[in-house]
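Subject: Structure handover

Hello,

Please find the structure below, with notes on what turned up in it. Have a look at the model first, then read on.

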Amino acid sequence: MQTLIDFITFKDPNVIYVVLGMICINTSSAVIGTFAFLRKRALIGDAIAHALLPGVCLGFILAGDKNIIYLLGGAFLTGWLATFLVDYIVNQTKIKQDAAIGIVLSTLFAFGIVLMSVIQNGDYANEGGLNNFLFGQAAAINKDEVYIFGIILLVILVATYFFYRAFLSISFNYDFAASAGLPVKTIEFVLTSLTVLAIAAGIQALGVVLMSALIITPAAAARFWSNNLRVMLLIAVVFSVFSGVLGAYVSYANAGVPTGPWVVLILSLITIISFVFSTKKGILYRILLANKNKRKIFTENILKSIFQWHEKKQKDIAEPFAAADLLSVRLFSTRELNKGLVKLKQKGLLVADGTKFYLSAEGIVESKRIVRLHRLWEHYLLRRTSMDENHVHAGAEAIEHVLSPEIEKELEKELGILGIPKDDY
Amino acid sequence: MENCSIEVHNLTTTYGGAPVLWDVDFELPVGQIIGVIGPNGSGKTTLLKTIMGLLEPSSGFVKIFNQDLDKIRERVAYVPQRESVDWDFPASVYDIVMMGRYRKHNLFRRTNKTDIDIVNQSIEKVGLTEFKNRQIAQLSGGQQQRVFIARALAQRAELYLMDEPFVGVDAATESSILSLLQEMKNDGKTVLIIHHDLQTVSDYFDYLVLLNTRLIAKGTPQEVLTKENLTNAYGGQLTLLAKVASLIKENEFPIREKDMDF
Ligand SMILES: Nc1ncnc2c1ncn2[C@@H]1O[C@H](COP(=O)(O)OP(=O)(O)OP(=O)(O)O)[C@@H](O)[C@H]1O
Ligand SMILES: [Mg+2]
């Protein structure tokens, strides 16, 4: 508990740098990663991340110690080299992209590991930190680095703002963008450079092995929640920053625990939760929707039977009726029926009058609408399909609950029927 | 030809060495609805992509309105094959049609009133107004096809190149697209369409290009749709060219509409 309080109150000033650093890194990668995700470039992120290791080591050898500028510069170079190599292999040979990525990724990563052991065996001061580049150590973020990550974030946000249409159009339909004369090669170059930059910023905190998860996973989780790209970008950022800061905390609270795996695990958990609970595509939503539909169908069936009872008894629709009356036109379980009547009362469609009920003005409209839809659909089936009179009722049952107002209008036009058809099958 | 919309001169396009278009040479008239027909894998899509500069020809050249494509790009609109994109993309009908307004010179600007009006009109023209804010993933195949056409309309071009706009479209949509094409023709636009259904070609098109790796025939439907031409293009026994093409297909290259790029 005390560590948590220390963490959120920034008692240790380093914690501020760590949190700010994670916010910058995770926002950058979530934003640029969303476009990589939409362009189906998940694997290339992985290749870039692994390819950064030799660059970092070369930077270290050149600088003689952990100078962030050298490290980032080296990382940026080999990251770019990786995308170039994958491109080159695919274009010049028969090797497919996934295989090319595998080759480039493992080769450059192996080279990086070799360089790392060279450094560890040589006599460099302060070489210990290099190990962090494998699995990440957020606690290693210092003040200078936060400034640099902040600048990288700013560059990415500004570029995304100005290139928004450009990124959008090459992500959806590259050929069309090219055919309209957009500078697709330049746009691609900018997008790839920003991707390399975002990944390079994150490798110290997250590690080369897992950094690519930060590119793809937030976008994949966010996709469950929104169909709108701007909203999706925002959600991806929130998910990523949350996981980043939480992961940094876990690694802070347990000194020496690498940050990368924790961040990735938390992100993956969010993705699984998104899959289960999100709107539209999630499992939970589908279950809720099914229940909602069931309730809707049930209350609409009650409204329909209220209309039918009045019609049968040749009474005015506004006249009161008893719950038991409805059982004469439709089979309900009494318990369910009473629950349904209470629901309708709550919705203001039904009014209780002693032991009896009557429909409110709104309820009258609604019950007429449902009966009408049911009968219009019966007519439609009779006229347009091979169903006969004995079967159209069953065919139309349930359909009245899904017919939209637009379809109602079309039915009306096609059948030439106004008002409620008299015949009921 | 005096009034020439597209001039294709000795065009050869290859994928990894094997020619898919071979010395294709033709000139097309202005202000007509022109059909490109040919069997599967005969290079129709490749032809369109080469005309649009999406593929580099290995020899020959293309001129549009007697000029280089790059000079008159804004006068040409392209409707790719519907399956060439992933429709599960977070965008609405309106967003996609708005992409028709994106040009090099306005790429970094915000949309203006004219753009919005043009986009709304284009959506209206293809009858998708009530679906304007619908996510494209939630459209039927025919509606998606109409989104692509609306996007091209929003480009306000003079020449339209469409890759199989009638595939997966029901009869009602087909006839509404047709009347739209007729309307475009009356406005003096030229439309080039890749088409599959030989039953309807003579009704739909004023001019035809029959292709099978090489140009088999071109001209009015009566001139092109002779038994001899059709046998040459679709004929029973495989020509050597078609054999080479199917070799490519089976052994080395998967059929992919999207170019491999990243
Ligand atoms: N990206 C590619 N790489 C290699 N070969 C390709 C590629 N795209 C197409 N091809 C080959 O080129 C030939 C012509 O293809 P194209 O797509 O132009 O045919 P098409 O006439 O449009 O066929 P369809 O009627 O099936 O759309 C085919 O044999 C195809 O396999
Ligand atoms: Mg094709």
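This is a predicted model: local features need pLDDT of at least 70, side-chain atom pairs count only at pLDDT 80 or more; totals for chains, interfaces and linings use all residues.

B:Thr45 and B:Gln81 are both buried.

The magnesium site

The magnesium ion (ligand 2) has two protein donors here: OG1 of B:Thr45 and OE1 of B:Gln81, at 1.9 to 2.8 Å. These two residues come from distant parts of the chain, 36 residues apart. B:Thr45 sits in helix 1 (residues 44–51) of chain B, while B:Gln81 belongs to the loop between strand 5 (76–79) and helix 2 (93–98). Water is not among the atoms, so the site may look incomplete.

Two residues with positive phi

Most residues other than glycine have a negative phi. Two residues go against that in this model. A:Gln314 is not a glycine, yet its phi is positive, at about 50 degrees. Its place is the loop of chain A that runs between helix 14 (283–312) and helix 15 (323–326). B:Glu164, also not a glycine, has a positive phi of about 50 degrees. B:Glu164 is in chain B, in the loop between strand 6 (159–163) and helix 5 (171–186).

Cysteines

How many disulfides does the structure hold? Over all chains, the number is 0. A:Cys57 is at 1% relative accessibility, so it is buried. B:Cys4 is at 5%, and so it is buried too.

Chain B as a whole

Chain B contains 9 helices and 9 strands. Of its 262 residues, 53% are buried. Taking the contacts in chain B between residues at least 6 apart in sequence, 71% join residues at least 24 apart.

In short, the items to look up in the model are the magnesium ion with B:Thr45 and B:Gln81, the positive phi at A:Gln314, and the positive phi at B:Glu164.

Regards

Notes:
Residues are numbered from 1 along each chain as its sequence is written. Chains are lettered from A and ligands numbered from 1 in the order in which they are written. Side-chain values use heavy atoms; hydrogens and water are left out. Donors are N, O and S atoms within 2.8 Å of the metal (3.2 Å for Na, K and Ca); water is not among the atoms, so sites may look incomplete. Helices (H or I, at least four residues) and strands (E, at least two) are DSSP runs, numbered from the N terminus. Buried means under 20% relative accessible area, exposed over 50%, partly exposed in between (1.4 Å probe, protein chains only). A disulfide is a pair of cysteine sulfur atoms within 2.5 Å. Contact means heavy atoms within 4.5 Å.
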